[in-house]
Amino acid sequence: MRRGRTVMALAGAGALALAGSLLLTAGDQGPQAARSSLGPPALGDPLTGDEIARAGEIASATLRTRMSTGRVELLYVERDDDKAAAHLRRADAYIYDYGADRLIVRTVDLGQGKVVAESADRGVRPPPSRAEEARAAELLLADPEHGRRIRAAYAAAAGRALRSASDLGLRAMIYTPRRHGAAAEACRTHRCMRLFVRLPDGSWLDTTRIAVDLSAKKILALEW
Amino acid sequence: MRFPLTLLSLVLATGLAGVPVTAATGAGPARALPASGAPAPAPARPACRAPYLVDHKLPNGARWRLCWEMRTIEGLTLTDVLYTPVGGREVGVLRSTALAQIHVPYDSGEPRFHDIGTLGEIAVALQAADCPGGERRGQYVCVTTRPRGHAYLKSRFEEPSLSAQGHDLAVYAAFQVGWYTYLVEWAFSDDGAITPRVGATGSLSGFTSASGHGWQTGRGTAHVEQSHSHNIFWRLDFDVDGKKDDVVEQYDFTGSGTAKRTLVRTRFTKEAKAVNGRTRWWRVVDTRSRNADGHRISWEINNSASAQYRGPEDEKFTRADLYVSQYRSCERLATNNPTPDCAMSVDRYVNAERLTDPVLWVNVGYHHVARDEDADPMPVHWQGFRITPRDVTAKNPR
Ligand SMILES: [Cu+2]
């Protein structure tokens, strides 16, 4: 499922956004999905896979067009834990609008089946989703210099050629902007991440001076 | 959390000599949704069911009840933490607690990581041996009990000593963040204490540095492993005996080079930040609930043994060891807070707002200077702090 998305990312932004939303609707239910399904969940139970899927659908209902063009992407769904609404079953859908570089959080009341609150802001840095992590790796591999370096390191470590980013052990982390040179200044408003890349022999590539700008689809060199 | 005085809470309170009638956190009305227009009843606590409910009686009879959840961003999160001392009534301690950031700045100045991403996505599957004497909940969470040594030992006159062995209930998970594996644990003792701690293991990053910023590891002098800090932030939403009437106090003891020491209490009426002191501690006290001695029920924050890392201008969040903020549901992480229309870091949460429902943010740093023994797999190094009951019971609960 996860690795399938990486391949789809190559087919274009539209397919990727679709894949991103499929993450939450097609059975890959995220870490908090309740595993026992004996009756309805209690108020404080984690969201079930079904609830995560429903919340994602309800939250994205008015965004389908922009999602299909890859401008807007559902990152993940968290159980809403607001104390003031502790008597309700609610979910927060984290949605990133790449067109406006803006995070939108829509609170879905699962009982009513509708969006009951929305907040949005620029410059917010929620952690990368799995789809974003895969896309960051594709961008890094597509970069001539980094791509060559990674393929060579992979071939040396694995004894075979790298087929796709899904062969790599990936972990993206949100990039926290500091004074890292002119290129990195874009990350104060763009969606940028660091990428940790693990090879089959357990070693890690040195990616500490690289940030991937997903908004501009660029690899940035961090200077210090 | 505190619902109006009902027959149920009256019934509960009658069994408690000397305890004024305040809503008992453990007892709530049925979970049915209210009719429209009616005020929403607080759900029963803990508001979860198996396998998310932990309900454990330790060998001395103390009982802990809580819910766990593996959240996408914060990872292991505990809610509705309730404690029943031996022979006493159940008292609410925490509404919720989770990690709020792991900030890892390297000593040469770069790189500087903020390790909380989607922790829920990188939990490490625990094997049976990783949960000794306990029970795995799903693949990622261990709930177990273990001895904690002597609870007390007192010699007596012409009688055998009076002594007992204590026990902890531990709830933990592990997360793979880059090279590091972090063990994230809360231990709940049979004397009412809570020990949140994080153990860093896995592998060193392998970052080299000029010799002034690291330690030679491996054979000879070729490799200087760069020193770094692990500045870990916990978010603790205390609801001592219910959400209402919680106040945070700081205690200091004057006198240095003098024979006398004097207790100085500072009550935080507004949002505040504070730094550690060798004898300084804080407590979250419920101003209405009292123990059988007539003293206010509280939980004390102490013993962090933090390295007290203080970062540059753009890392103001490192410049205090404790932050106290008014509860806001959008304030979740100590840095890179992931919600719109909300401040970005814990130092910004604190802006003189009046405190009626305090949330505590505890910052504990560990300065890691690598040594040869850290070569793979790296031995666990722990950091954490203590939350101890102060006047929750009228005497040693045993
Ligand atoms: Cu370390």
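Is B:Tyr180 buried or exposed, and what is its relative accessible area? B:Tyr180 is buried, with a relative accessible area of 3%; buried means under 20% relative accessible area, exposed over 50% and partly exposed in between, with a 1.4 Å probe and protein chains only.

1. Basis. This is a predicted model, in which local features need pLDDT of at least 70, side-chain atom pairs count only at pLDDT 80 or more, and totals for chains, interfaces and linings use all residues. Residues are numbered from 1 along each chain as its sequence is written, chains are lettered from A and ligands numbered from 1 in the order in which they are written, and side-chain values use heavy atoms, with hydrogens and water left out.

2. Copper site. The copper ion has the protein donors B:Tyr180 (OH), B:His228 (NE2), B:His230 (NE2) and B:His368 (ND1), at 2.0 to 2.1 Å. Donors are N, O and S atoms within 2.8 Å of the metal (3.2 Å for Na, K and Ca); water is not among the atoms, so sites may look incomplete. The angles among the four donor atoms run from 85 to 140 degrees, and the site is irregular. Four donors count as tetrahedral if all angles lie between 85 and 135 degrees; four count as square planar and six as octahedral if opposite donors are over 155 degrees apart and all others between 65 and 115; anything else is irregular.

3. Donor spacing. Along the sequence the donor residues follow the pattern Y-x47-H-x1-H-x137-H. B:Tyr180 belongs to strand β9 (residues 180-189) of chain B and B:His368 to strand β20 (residues 358-368) of chain B, so the pair ties together parts 188 residues apart in sequence. Helices (H or I, at least four residues) and strands (E, at least two) are DSSP runs, numbered from the N terminus. B:His368 is also buried, with a relative accessible area of 1%.

4. Aromatic pairs. Over all chains, the whole structure holds 21 aromatic pairs. B:Tyr180 and B:Tyr182 form a stacked pair, 5.8 Å centre to centre with 15 degrees between the planes. Rings of Phe, Tyr and Trp (its six-membered ring) pair if their centres lie within 6.5 Å; planes under 30 degrees apart count as stacked, over 60 as edge-to-face and the rest as tilted. B:Tyr182 is buried, at 1% relative accessible area.

5. A second stacked pair. The ring centres of B:Tyr251 and B:Trp281 are 4.4 Å apart and their planes are at 20 degrees, so this pair is stacked. The pair links distant parts of the chain, with B:Tyr251 in strand β14 (residues 246-254) of chain B and B:Trp281 in strand β17 (residues 281-290) of chain B, 30 residues apart. B:Tyr251 is buried at 6% relative accessibility, and B:Trp281 is buried with a relative accessible area of 13%.

6. Ring cluster. Ring pairs link residues of chains A and B into a cluster: A:Phe196, A:Trp204, B:Tyr106, B:Phe113, B:Trp179 and B:Phe207.

7. Chain B overall. Chain B has two helices and 22 strands. Of its 398 residues, 56% are buried.

8. Chain A sheet. Strands β5-β6-β7-β8 of chain A form, in that order, an open sheet with antiparallel pairing. Two strands pair if DSSP finds at least two bridges between them. The edge strands, each pairing on one side only, are β5 (169-174) and β8 (218-221) of chain A.
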